[in-house]
Amino acid sequence: MFCAAYNKKRDLFTPVLDSPLTVIGAGYMSVETKAPTYRAEGTPSYQLIYIKDTKNTIAFTIGNQVFTADKDDIILYRPGETQKYSYTMNDETLSFWIHFDGTEATEIMKKLDLYDIKVLKLTDSSIPIPKTIKRIINEINTSRPYSDEIICGELYAMLSQIAQFKYLAKHNFSKIDEIINEIRLNYADNLSNEIYANKCGMSVPHFLRKFKQATGTSPLDYKLRIRMDYAKRMISSTELSINEIAQVVGYTDPFHFSRYFKKHTGYSPKEYREKISKNIDK
């Protein structure tokens, strides 16, 4: 299985000089035959590889060093670094990858504290790298209006989630902190308190008490507040319809979305958009 898409306006071996951040190509593959990659001088872009699954340890040459990677590892190649790695049929590897570059790419990677990573163990399954890369592939292939902006947003969100995971892991946050982080990253999901409690190794009542101690509210109200904050941003800064915004933030029923939105803001989504529009026009 192999799937890849490349930005027709970009070339893998040509530096991007006219955009702060852009995706050059992305893809994924499950290896059925030997699949070697060797680029002695690397590429002018960054390449991030995510090993979703593998039976064996894979060796990656990055620059003049050799690193090993296993399941759930992220590998990062910086511009100009020698790239050498190979998957074989016996490895049963499923990998996702993305090439990106831009005039601000290095600044962004340093700001997110990702510039110096070589191999990073990703133990947080809530970071949807496969889904993100598949959405990026779809946007590249469809070439719809504003696809470049959507792709850039997807990439930046994914990098930010990885950076947040790296920070939280380094600072040894508690299980409750991990759930809070998961809700912030995946606010559109509708997971039950039982699932969150199981992830923490707690009973539901114990989990709810600990969560309220940390946030002052329940998981549901915390999630609704985040959803409404994102909804307000999209209503005020995009042309998406109210129904589309409802779906983005996790509501299949626009009526329920509108009801919660009015309870949270005092305005219906339509009234809120009109209010923002009037303020802008003044």
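Biologist: How do you know that the span of helix 7 (residues 219-237) agrees with its 19 residues?

Modeller: Helices are DSSP runs of H or I, at least four residues, and strands are runs of E, at least two, numbered from the N terminus. The expected span is 1.5 Å times one less than the number of residues. For helix 7 that gives 27 Å, and the end C-alpha atoms are 27 Å apart, so the two agree. This is a predicted model: local features need pLDDT of at least 70, side-chain atom pairs count only at pLDDT 80 or more, and totals for chains, interfaces and linings use all residues. Residues are numbered from 1 along each chain as its sequence is written, and side-chain values use heavy atoms, without hydrogens and water.

Biologist: Why is Asp-72 called partly exposed?

Modeller: Buried means under 20% relative accessible area, exposed over 50%, partly exposed in between (1.4 Å probe, protein chains only). Asp-72 has 23% relative accessibility, so it counts as partly exposed. It sits in the loop between strand 6 (65-69) and strand 7 (73-77).

Biologist: What makes the aromatic pair of Tyr-46 and Phe-100 stacked?

Modeller: Rings of Phe, Tyr and Trp (its six-membered ring) pair if their centres lie within 6.5 Å; planes under 30 degrees apart count as stacked, over 60 as edge-to-face and the rest as tilted. Here the centres are 5.4 Å apart, with 10° between the planes, so the pair is stacked. Tyr-46 lies in strand 4 (residues 46-53) and Phe-100 in strand 9 (residues 94-101), so the pair ties together parts 54 residues apart in sequence.

Biologist: Why does Phe-100 count as buried?

Modeller: Phe-100 has 1% relative accessibility, so it counts as buried.
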